[in-house]
Amino acid sequence: MNFYALFAQLLALVTALILAPILNGWVNQCRAWMQNRTAPPLLQTYYTVSKLLHKDALLAHNASSLFRVAPYAIFSCLALASAIVPTLSTELIFSPAADAIALVGLFALARVFIALAGMDVGTAFGSLGSRREMLIGFLAEPALLLIFFTTSLISQSTSLSTIVATLAHRDFVIYPSLAFAGVAFTMVSLAENARIPIDNPTTHLELTMVHEAMILEYSGRHLALIEWAASLKLFAYSCLGLALFFPVGITEVADPVSLAMSGVILVMKLAIGGFMMALIETLSAKMRIFRAPEFLGTAFLLAVLAMLVHLLLESGK
Amino acid sequence: MQFLDQPIDFEPLADHAALTFVARVNAQQLMAFCGAAHTAERRLVALWGSDERDRDSQNGYALHIAFDMAEGLACLTLPLATENPQFPDLALPFPAANRMQRAVHDLIGAAPENGDRRPWLRHANWPAEFYPLRRDTPDARFAAVNEEYAFVRVEGDGVHEVPVGPIHAGIIEPGHFRFSVMGENVLRLEQRLGWKHKGIERRFVNMGLGEGAKLAGRVSGDSTVAYAWAYSQAAEAISGAMPPPRALWLRALLLERERVANHLGDLGYLGNDVALSFGLMQFMRLKEDWIRLNARLFGHRLLMDCIIPGGVAVDLDAVGAQAIVDQCQALGDEVTDLKQIYDEHAGLQDRFLTTGRILPSLAKLLGVIGLAGRASAQRWDLRCNHPHEPYDRLEPKMAIERNGDVAARALVRFAEIRESLHLIRKIVSEMPPGSIGNLARSTADKRGFGWIEGWRGDVLVALETGADGKIRRCHCHDPSWQNWPALEHAVIDNIVPDFPLINKSFNLSYAGPDL
């Protein structure tokens, strides 16, 4: 461990906390433009979070301590998850401890907390949302793990830093398996981040909600943390996708100049990625909830294909 | 005059745009007529009650039932006893009568002899013995109270209830929906409406004819033209002052503009409910342009107060006519493009097709009318079935679909926009010159009916004046009365998240059936 690794680690965390709401705002802006609307400001998520932080947090009479703890737990899980994704540099102090499987575990832990909190107050919508979230989650997680396994097979390691370092600094080789894995990862990200076509983040129709239904009872600082955590999750997934499939610009050494350089490249990649996500969301309609298993089943299938393709074509024997 | 070989002598009423007949009957005659009308596949238009104790001490109340006969509108009046007024239950031949009967009980205090006697418009805060449409009931206001309504319970392993509303996550009208679900599948839906009772029918009493027109235009903002025209027809029948031809053509122009505006909005929201915001934005842009031209030419975005008894309050000059023709052309092209996008969008069609289905047989059984009825092959459209001027000259084509799903209701809307644009162009080019209004003066103790095909379905206004020529009773009937129960059936076996889409495809009024 050296000083720069610690610095890079802290920088990654701060970058995530700062950039995540902006990424969310950027996706919303792109969406608005594509729909011929006047876009909300880029910093709208910040304004929303700061507004919510100034408001009182109202609790239902029958809310248990779990309901109060959940926002902090969710926020911590997702902040940690965004910190262990190699966004700027692969030299992070957490990387020996936190590998790809731990990352999936962190996402799962956040999911468990939000689903339990959704059911805690006992409203019909919360339970509906939690049930749907778990349906989506249990289909998305295996697909996500398989994607990681494919990349692990390429790099012979489950450590995210090693995976990204291998992919970023290998000789130019075309990996057909990564194409399959990339498509699967995009599908999983859409589902996991409550985006169209699985969920609609802007809906006001309580019967159709998934993510929003679980957090209907939250207000004030709790809701602010959950909103922020949701944008962190989107940020973590985006960075993960960029690091695995477009790893250009992620530095191996943690010195200030290369960190600044990779920061600039990251912002550009996120801008393009956010635009693509907004495009997908604008072009598609939301699926029926029972199409979600088909959608995620396809993602899983593609992930399996990626692994098979790697074993058959790329293992070099 | 007799109908359906029933020994009831109907009296034709003069000065009505659609042929209108009235008759007084007793309970046996009423039941026999209802049976015959059901067999002949005629439909119940409206059912309402009135307080007649100042005229007849023995039979102090009356029940009025209007039917759509092949010849025109037939209204039967059943006198009810002052003491313990009761009437036979008509919900068996005509299921749509159920809620109207319960509303009669809540408003007048006359109850069906048997069958469903749960309150409908009356909520727990409104005392059981308080009947607002009785003449001796004082004005009152009641604080909100939580109520225990006797919803039908679905029992069984894994069945649970999801209550939704009347306060929703979005800014929409209040309605309570009680779903009994198994997983995501809806086993049963029961509605509880009437959360914002405004006392409009009570407010009508003792108003002048002209004053009443303003109130009738505010029964349901999205159907203000239909209500104002129906009210004006009734008022003109009472006064005997028929509007000049140009006024009728202008009214048809306004009615078709209202239809197009609402259909545009609904098509946008149907897109929005499957998360295709693109559709919402495009259709709302078109609707906004459309109603801005309303404001420019006729002085009101929704066209309120443009129709008055005796004629219309606004005229159209050559410049305005040209603006309308140009707009029809531009809108027609854009809607054709958008229809193609909707038709070819796989995700949207997947959500629309087979969702919220009402098969023609069920639609006939439930008496579904208007736009939703036409999407289930029910051929009810006053503009075609009982055309009055200018529709007898315009000859509109009825839009009919057979599938009865969300997609069919969207297709009917597209077809009606196209047809309305065609009618508007025809109206503008063939509109006769002349004056736009006659003076409508009230006549004492007279009845008049107005019957207009609004964008949702047919609106009926039954108007009666008292000895002083002021309004004695004005009943406004919204087509949503007939179609709300159909929504309960449309949702069965669909999944919970599809309900908002199905609901929007009907787009029924919460305010119209709660006066």
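## Close-up views of a predicted two-chain model

**View 1. Phe107(A) sits in helix α4 of chain A.** Helices here are DSSP runs of H or I with at least four residues, strands are runs of E with at least two, and both are numbered from the N terminus. With 21 C-beta neighbours inside 10 Å, Phe107(A) counts as buried. For that label, 20 or more other C-beta atoms must lie within 10 Å of a residue's own; 12 or fewer makes it exposed, anything in between partly exposed, and the C-beta atoms are placed from the backbone. Ala60(A) is 47 residues away along the chain, and its C-alpha atom is 27 Å from that of Phe107(A).

A quick word on what you're looking at: this is a predicted model, in which local features need pLDDT of at least 70 and side-chain atom pairs count only at pLDDT 80 or more, while totals for chains, interfaces and linings use all residues. Residues are numbered from 1 along each chain as its sequence is written, and chains are lettered from A and ligands numbered from 1 in the order in which they are written.

**View 2. Helices α4(A) and α5(A) run side by side in roughly antiparallel directions.** Their axes come within 9 Å and cross at roughly 180 degrees. Axes are lines fitted to C-alpha atoms, for helices over the stretch in contact, and angles between N-to-C directions run from 0 to 180 degrees. Angles under 35 degrees count as roughly parallel, over 145 as roughly antiparallel, 65 to 115 as roughly perpendicular, and the rest as oblique. Among the residues making the contact are Val104(A) and Arg111(A) of α4(A), along with Glu133(A), Leu144(A) and Phe148(A) of α5(A). Two residues are in contact if their C-beta atoms, placed from the backbone, lie within 7 Å. The contact residues split into nine nonpolar, seven polar and three charged. Here Ala, Val, Leu, Ile, Met, Phe, Trp, Tyr, Cys and Pro count as nonpolar, Asp, Glu, Lys and Arg as charged, and the others, Gly among them, as polar.

**View 3. α3(A) meets α9(A) in a left-handed crossing.** The axes are 9 Å apart at an angle of about 25 degrees, so α3(A) and α9(A) are roughly parallel to each other. Tyr72(A), Phe75(A) and Leu78(A) are among the α3(A) residues involved, and the α9(A) side includes Trp228(A), Leu232(A) and Phe235(A).

**View 4. Helix α6 (residues 160-168) of chain A is largely enclosed by the rest of the structure.** Seven of its nine residues are buried, including Leu160(A), Ile163(A) and Leu167(A). What do the buried residues of α6(A) pack against? Their neighbours are α3 (65-84), α4 (100-120), α5 (124-155) and α9 (220-245) of chain A.

**View 5. In chain B, three strands form an open antiparallel sheet in the order β8-β9-β10.** β8 and β10 of chain B each have a single partner strand, so one side of each is left without a neighbour in the sheet. The twist averages 20 degrees from one strand to the next. Two strands pair if DSSP finds at least two bridges between them; β8(B) and β9(B) have six, and β9(B) and β10(B) have seven. Look for Val162(B) opposite Phe179(B) in β9(B). Met182(B) has Asn185(B) of β10(B) as its bridge partner. The hairpin of β9(B) and β10(B) has two residues between the strands, and Gly183(B) takes a positive phi near 65 degrees there.

**View 6. Another open antiparallel sheet in chain B has the order β13-β14-β15.** Its edge strands are β13 (447-453) and β15 (471-477) of chain B, each pairing on one side only. Neighbouring strands are turned by 10 degrees against each other on average, direction ignored. Helix α5 (residues 224-239) of chain B packs on this sheet and touches β13, β14 and β15 of chain B, with its direction at about 150 degrees to that of β13(B). Seven bridges join β13(B) to β14 (residues 458-465) of chain B, and Gly450(B) stands opposite Val461(B) in β14(B).

**View 7. Chain A touches chain B through 22 residues of chain A and 24 of chain B.** On the chain A side, these residues come out as ten nonpolar, eight polar and four charged.

Notes. Left-handed = near helix turned anticlockwise from the far one by under 90°.
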